[in-house]
Amino acid sequence: MQTIHRIGVLSLAEGLTALYALIGLIIGALMAFFSLIGAGLGQAAGAEGAWFGALFGVGALIIMPILYGVMGFLGGALTSSFYNICSGMVGGIEIEVR
């Protein structure tokens with residue numbers, strides 16, 4: 001058995017930044033898709049301002065990965081920092097490596 005005593009703060013933060021940005025891109029794409037569908041349906045129904053839904057959807061493709069990436073970085077940095085503090089008190093996590 002081996003024990004993890006310390007996790008690199010920037011290492012975990014960078015990894016979670018990439019992972020969360022990818023998740024944000026997927027969620028942004030879904031939001032864009034549904035917003036464009038809603039804008040199309042609104043335009044077909046003759047609603048005023050249906051273009052706003054389309055603009056919101058396209059904006060989600062840009063904003064969501066950035067927001068999720070920033071939150072992933074902050075979450076990873078805080079989590080690894082707290083782990084490093086706590087592992088000094090309890091001894092770390094034991095893992096079996098083959």
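This passage describes the overall form of a predicted single-chain model and then two local sites within it.

Residues are numbered from 1 along each chain as its sequence is written. Because the model is predicted, local features are reported only at pLDDT of at least 70 and side-chain atom pairs only at pLDDT 80 or more, while totals for chains, interfaces and linings use all residues, and side-chain values use heavy atoms, with hydrogens and water left out.

The secondary structure of the chain consists of two helices and two strands, where helices (H or I, at least four residues) and strands (E, at least two) are DSSP runs numbered from the N terminus. In sequence order these elements follow the pattern β-α-α-β. The chain is more spread out than a compact globule, because its radius of gyration of 21 Å is well over the 13 Å that the globule rule gives for 98 residues. That radius is taken over C-alpha atoms, and the rule is 2.2 Å times the number of residues to the power 0.38. The C-alpha trace spans about 65 × 25 × 15 Å along its principal axes.

Of the 98 residues, 19% count as buried; buried denotes under 20% relative accessible area, exposed over 50%, and partly exposed the range in between (1.4 Å probe, protein chains only). The accessible surface comes to about 6,800 Å², and carbon and sulfur atoms account for 75% of this area. Among contacts (heavy atoms within 4.5 Å) between residues at least 6 apart in sequence, 85% join residues at least 24 apart.

Ser80 is located in helix H2, which comprises residues 50-90. With a relative accessible area of 0%, Ser80 is buried. The side chain of Ser80 reaches the backbone oxygen of Gly76 at 2.9 Å, and a polar atom of that side chain lies 3.2 Å from the backbone oxygen of Ala77. When residues up to four places away in sequence are not counted, Ser80 touches Ile7, Gly8, Val9 and Leu12.

One aromatic pair is present in the structure. The ring centres of Phe33 and Phe34 are 5.3 Å apart and the ring planes stand at 65°, so the pair is edge-to-face. Rings of Phe, Tyr and Trp (its six-membered ring) pair if their centres lie within 6.5 Å, with planes under 30 degrees apart counted as stacked, over 60 as edge-to-face and the rest as tilted. Phe33 is partly exposed at 49% relative accessibility, whereas Phe34 is exposed at 54%.

Key. Accessible areas come from the Shrake-Rupley method with a 1.4 Å probe; for residues, only the protein chains shown count as cover. A polar contact is a pair of N or O atoms within 3.5 Å; within protein, one must be able to donate a hydrogen and the other to accept it, and residues adjacent in sequence count only if both atoms are side-chain atoms.
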